[in-house]
Structures are given as C-alpha cells and as structure tokens.
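Please read the points below with the sequence and the structure open.

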Amino acid sequence: MKKDKLKPMLFSVIKTYNGKKFATDVVSGIIVAIIALPLSIALALASGVGPEQGIYTAIIAGFLISFLGGSRVQIAGPTAAFATIVAGIVAENGMSGLALATVMAGILLVIMGFLRLGSLIRYIPYTITTGFTAGIAVTILIGQIKDFLGLTYPDGTVTIETKDKVAAIFDNISTINFETLLVGAVCLAILIVWPYISSKIPGSLIAVIVGIVMVRTMNLNVNTIGDLYSINNSLPSFTMPDFSFEMIRKVAPDAVTIAILAAIESLLSCVVADGMINSHHRPNMELIAQGIGNVGSALFGGIPATGAIARTAANIKNGGRSPIAGIVHSIVLVLVLVFLMPYASWIPMPTIAAILFMVAYNMCQWRTFVHLCKTSPKSDILVLVATFVLTVVFDLVVAIEVGMVMACVLFMKRMSEESVVSGWKYYDPEEDPDGMDLKAIPRHVRVYEISGPMFFGDADRLAGVHFKDFTKVIILRMRGVPALDASAMHAMEQLYDRCSEAGVQLVFSHVNEQPMKAMEKSGFVEKVGRDNFRKHIDDAIEWASNL
C-alpha cells in the first residue's frame with residue numbers, strides 16, 4: 001500500500017493548475033460561501049455563541065484546512081455534529097473553556113496525523129457513527145422547537161440538557177406565538193420545495209430573504225437575531241485561552257470528544273468526496289490540517305470545525321476541483337462579515353430554526369437507521385439503539401464510550417462463538433463404508449482441529465482437549481487459526497503441561513505465521529520441540545505414528 005504523504009494537497013495540485021481551473025474554483029467558492037453563510041450563523045446560534053463566531057470559524061478554519069488539507073475539495077467550517085457539545089461547554093465553562101478545549105482538540109488531531117492514525121478511523125463501527133449522528137440530529141431538532149414556535153420561558157429556566165429542553169417545551173407550550181410559527185412554517189416549506197425548483201441558488205438563502213421580508217413588511221411580532229444577540233462585523237482578533245491546570249483538567253474529556261468527532265466527520269467527508277471525483281485523499285495530512293484549523297479557529301474567536309459533507313458536495317457539484325475553491329469561500333465570507341454582517345440582525349429566529357430543522361433531517365439518516373434495524377444482527381442493533389439513546393439522553397461522550405465498549409465486547413463474543421476446537425471422529429471401515437476416504441490414524445493418536453482466532457474470549461476451549469489412557473500423541477491442526485494472543489498462549493502452555501503429566505506428546509500441524517511467531521517468542525516452540533511442528537496434516541500423522 002502506498003504510504004500516505006504528509007504534504008498538503010494544494011502543493012501537489014498547484015503544479016498542473018491553470019487559468020480555466022482557477023475560474024471554475026472561484027465560481028464554486030463564491031456559491032459555497034453563499035451556502036455557508038446562513039448555515040454558519042444558524043450553527044453558531046445552536047451552539048450557544050454569537051452569530052459572528054460561526055463566520056469566524058468558516059473563515060479561519062475553512063482557510064487553514066483548505067490550504068493545508070489532504071483533500072482536493074474539502075470545505076470546512078462549523079457543523080451540526082458539534083452544536084450540542086459546544087453549547088454544553090459554553091454553558092459550563094464559557095467561551096474561554098471552549099477555546100481551550102478546541103485548542104487541545106486541535107493539538108490531539110495534529111498528533112494523530114503525525115502518528116499516522118488516519119486509517120484507524122475505519123475501526124469505529126458504522127452502527128456507532130449512525131447512532132450518534134441520528135442522536136445529534138434529534139437534539140438539534142429539540143433545541144430549535146422553542147424558536148420555531150416562539151415560546152417564552154420564565155426567567156431562570158434551565159435548558160442545557162435535552163431532557164430539560166423537552167420539559168420546558170411542554171411546560172410553556174401555551175405561550176406559542178402563531179406569527180412566529182407562520183414565519184417558521186413558510187421558511188421550512190421553502191427549504192423543502194426549493195431544491196425541486198432550482199439547484200443553483202441555495203434554499204437557505206431564499207428562506208432568509210423571505211423571512212426578513214415577512215417580518216419587516218408585515219410588522220410581525222417575531223424575534224430576530226438582532227433582538228437576542230449583538231451583531232459584530234469586526235474582523236476576528238487574537239484571544240489567548242485560560243491555560244490553567246484546573247481548566248485543562250476540566251475540559252480534557254470535551255477536547256478528546258471534539259478531536260475524535262472532528263477526525264471521524266472530516267475523514268468520512270473526504271471518503272464521500274473521493275467517490276464523487278474519483279480521487280484519493282491523504283488522511284493523515286487531513287488530520288494535521290484539521291488540528292491546525294481548530295487551533296486557529298479557537299485563537300481567533302471561533303468554535304470547533306470539521307469537514308462539512310454538504311458544503312463539500314456543493315463544492316464538487318459546482319465545479320470545484322482544488323483547495324483554491326475552499327480558500328475563495330473563506331475570502332468571500334470575510335467580505336460578507338465586513339460589509340453585510342449588520343444585516344444579519346434582521347434574520348428571524350424561526351428562519352434559523354427552520355434551517356436547522358433541515359440540517360437535522362439531512363444528517364439523521366433515518367432510512368439508514370431503519371434499514372440497519374431491519375437487517376443487522378441483534379448485537380449491532382443493540383449498539384446502534386444504545387448509542388442513539390445515550391446521545392439524546394446524556395451526551396456524545398457517554399454515547400461513544402459505551403457504544404465502543406459494547407461493540408468490542410459483542411464482537412469478541414461473536415468471534416469466540418466462531419472459534420471451535422473439535423476432535424476427529426474414529427470410524428470402523430466395516431460398519432461405515434462411507435468413511436473409506438478418511439485418513440488412517442493410529443489408535444494411539446488423536447487429532448483436534450482448531451478453527452477461528454484464539455484470544456482471551458475463547459482460550460478456555462482448549463480445556464476440551466481430552467485423551468484416553470492409550471493416547472500417546474495429540475495432533476493440533478491449526479490451519480484455521482489466523483491469530484493467537486497471550487491468554488490463548490497461556491492456555492496452550494497449560495495443555496502442554498497436562499499432556500506432559502499424562503505422558504502425551506503434542507504435535508502441531510500447519511501453524512500460521514502470527515501464531516508461530518507468538519509461540520517462538522514465548523519459548524513454547526523450544527519447549528515442545530521444533531520437530532513436533534509439521535507443515536501439513538499428513539506429515540504430522542506420519543510423524544506421530546513413528547513417535
């Protein structure tokens with residue numbers, strides 16, 4: 001396999017770059033920036049920070065990740081996956097705590113890249129990624145019901161956890177504002193229908209324009225971003241997080257979660273993009289770029305960022321074929337921030353809620369979820385549902401931890417069930433003429449066939465190897481054993497000791513490469529005698545017959 005280069009894709013692509021490709025990338029970058037604008041604002045508000053923080057993230061992280069990344073077409077910025085995590089960190093530790101967690105996560109991502117751990121992401125089960133993605137979608141949807149319905153909560157209402165949000169919605173449902181609901185419903189209808197009308201202009205931009213026009217021309221009593229947040233159109237400034245030991249200890253679990261989630265989502269986005277443009281990304285370079293991008297975002301007032309699948313796909317569909325498109329997207333957002341950001345105060349909150357409803361719907365993958373529940377083994381369904389429920393009820397950290405432990409334990413259980421230690425049966429040629437083609441084995445020899453990997457989950461199966469008083473040799477046929485761990489090696493040594501006490505010789509047939517190395521390293525081969533390790537079963541039977 002070709003070694004993954006730690007070289008930004010931009011530096012490779014630029015060698016064959018020309019004016020025509022540049023023109024296409026510029027057009028694509030402008031279109032993606034238009035798509036990213038309302039999404040960045042909406043995701044920032046869903047994350048419990050100001051609207052400009054979303055733009056800062058798309059500018060800083062978007063630029064750095066495109067410039068240094070390992071993908072030709074990846075577009076990075078704030079994504080829905082981080083919304084609930086960021087909101088929780090901000091509520092508990094403030095923006096300084098979020099900045100520190102994001103910087104730590106960025107450093108972890110850079111280390112992961114230099115350690116070439118990009119390929120390890122594939123070991124996270126699909127059921128876990130599907131489960132927590134659907135869970136995040138549900139939490140986003142629940143979090144936006146208040147603004148979509150225009151509900152009013154009493155002062156002091158706590159709505160950090162999802163269960164608190166649900167309780168607050170039910171307790172205050174009587175405060176529904178039907179003018180707000182009307183604006184939200186119209187904007188949601190536009191978002192649903194617009195893709196069937198035009199794919200050139202993003203539906204979110206149309207929804208924002210219609211929402212603003214409805215509220216301002218009809219004089220509706222509807223909250224806008226300007227009513228709830230102060231709008232800042234200044235360029236991002238450098239801010240140093242609080243690097244105290246106490247704060248580092250406090251946000252360390254959040255930093256690990258951000259790093260893992262950023263790695264998973266960005267590399268999944270790269271894989272999807274590769275399929276769309278028939279290319280190959282550099283996963284380790286992408287992790288390093290994601291890390292640098294997140295550090296840069298945090299130090300300049302942004303929030304965690306990662307590769308955004310929807311924006312990356314839009315880039316590809318509009319002709320973007322190099323990181324230049326992502327860089328242009330960031331530059332366009334700088335111009336929007338400086339010249340158009342004050343107008344963001346006009347955007348109605350139900351419009352933001354409607355946009356996030358569509359984001360949640362698109363990311364929930366409910367068809368995939370249902371399909372997995374219908375067709376997967378029960379153990380996979382258990383992991384899927386558990387990860388989903390834990391994400392909604394608790395948080396992503398608990399969901400991933402429990403999901404991974406469950407997946408590993410259930411996988412080991414499944415593998416142990418596949419491992420079999422079975423003895424060959426003896427036959428009488430006169431009573432069983434159909435057995436004439438079977439191998440002739442001396443009476444003092446017994447043959448056991450081992451199938452499947454031998455590890456701590458099934459090492460005790462060797463206790464099932466028995467011998468008679470007249471048994472002098474036991475042959476262990478291991479052609480079906482691809483791997484053997486320390487626990488299985490210990491069980492093998494116990495079997496050898498048991499055989500030695502009974503005066504029975506162990507002979508091994510067809511030991512594969514990894515088990516043989518494990519046996520040699522432990523000194524087991526020398527203990528048994530190298531001559532007692534034979535290449536094939538016929539050779540082993542002949543050797544055992546002469547012992």
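1. At what angle do helix H10 and helix H12 pack, and how far apart are their axes? This is a predicted model. In the model, H10 (residues 245–277) and H12 (residues 309–317) pack at an angle of about 20°, and their axes are 10 Å apart. Angles under 35 degrees count as roughly parallel, so H10 is roughly parallel to H12. The crossing of H10 past H12 is right-handed.

2. Which residues make the contact between H10 and H12? From H10 come Ser 269, Val 272, Ala 273, Met 276 and Ile 277. They meet Ile 309, Thr 312, Ala 313, Ile 316 and Lys 317 of H12. By class, the contact of H10 with H12 has 7 nonpolar, 2 polar and 1 charged residues.

3. A second pair to look at is helix H2 (residues 19–46) with helix H8 (residues 203–217). Their axes lie 8 Å apart, and the packing angle is about 55°. H2 and H8 are therefore oblique to each other. Their crossing is left-handed.

4. On the H2 side, the contact with H8 is made by Ile 34, Ile 35 and Pro 38. On the H8 side, Ser 204, Leu 205 and Val 208 take part. The contact of H2 with H8 divides into 5 nonpolar residues, 1 polar residue and no charged residues.

5. The largest nonpolar core holds 105 residues. Within this core, Ile 41, Phe 132, Ile 140, Ile 347 and Ile 352 touch the most other members. A second, separate core has 28 residues, among them Cys 499, Met 519, Val 525 and Val 528.

6. What does Ile 347 contact, leaving aside its neighbours within four places in sequence? The partners of Ile 347 are Ile 41, Val 208, Ile 212, Thr 224, Ile 225 and Ile 352. Of these partners, Val 208 also belongs to the H8 side of the contact with H2.

7. Is Tyr 126 buried, partly exposed or exposed? Its relative accessible area is 46%. Buried means under 20% and exposed means over 50%, so Tyr 126 is partly exposed. Tyr 126 is in helix H5 (residues 126–149). Not counting residues up to four places away in sequence, Tyr 126 touches Gln 365, Thr 368 and Leu 372.

8. One distance can be checked on the model. Tyr 126 and Thr 312 are 186 residues apart along the chain, and their C-alpha atoms are separated by 21 Å. Thr 312 is one of the H12 residues that meet H10.

Definitions and conventions. Residues are numbered from 1 along each chain as its sequence is written. This is a predicted model: local features need pLDDT of at least 70, side-chain atom pairs count only at pLDDT 80 or more; totals for chains, interfaces and linings use all residues. Side-chain values use heavy atoms; hydrogens and water are left out. A nonpolar core is a set of buried Ala, Val, Leu, Ile, Met, Phe, Trp, Tyr and Cys residues joined through side-chain atoms within 4.5 Å. Buried means under 20% relative accessible area, exposed over 50%, partly exposed in between (1.4 Å probe, protein chains only). Contact means heavy atoms within 4.5 Å. Axes are lines fitted to C-alpha atoms, for helices over the stretch in contact, and angles run from 0 to 180 degrees between N-to-C directions. Helices (H or I, at least four residues) and strands (E, at least two) are DSSP runs, numbered from the N terminus. Angles under 35 degrees count as roughly parallel, over 145 as roughly antiparallel, 65 to 115 as roughly perpendicular and the rest as oblique. A crossing is left-handed if the near helix is turned anticlockwise from the far one by less than a right angle, and right-handed if clockwise. Ala, Val, Leu, Ile, Met, Phe, Trp, Tyr, Cys and Pro count as nonpolar, Asp, Glu, Lys and Arg as charged, and the others, Gly among them, as polar.
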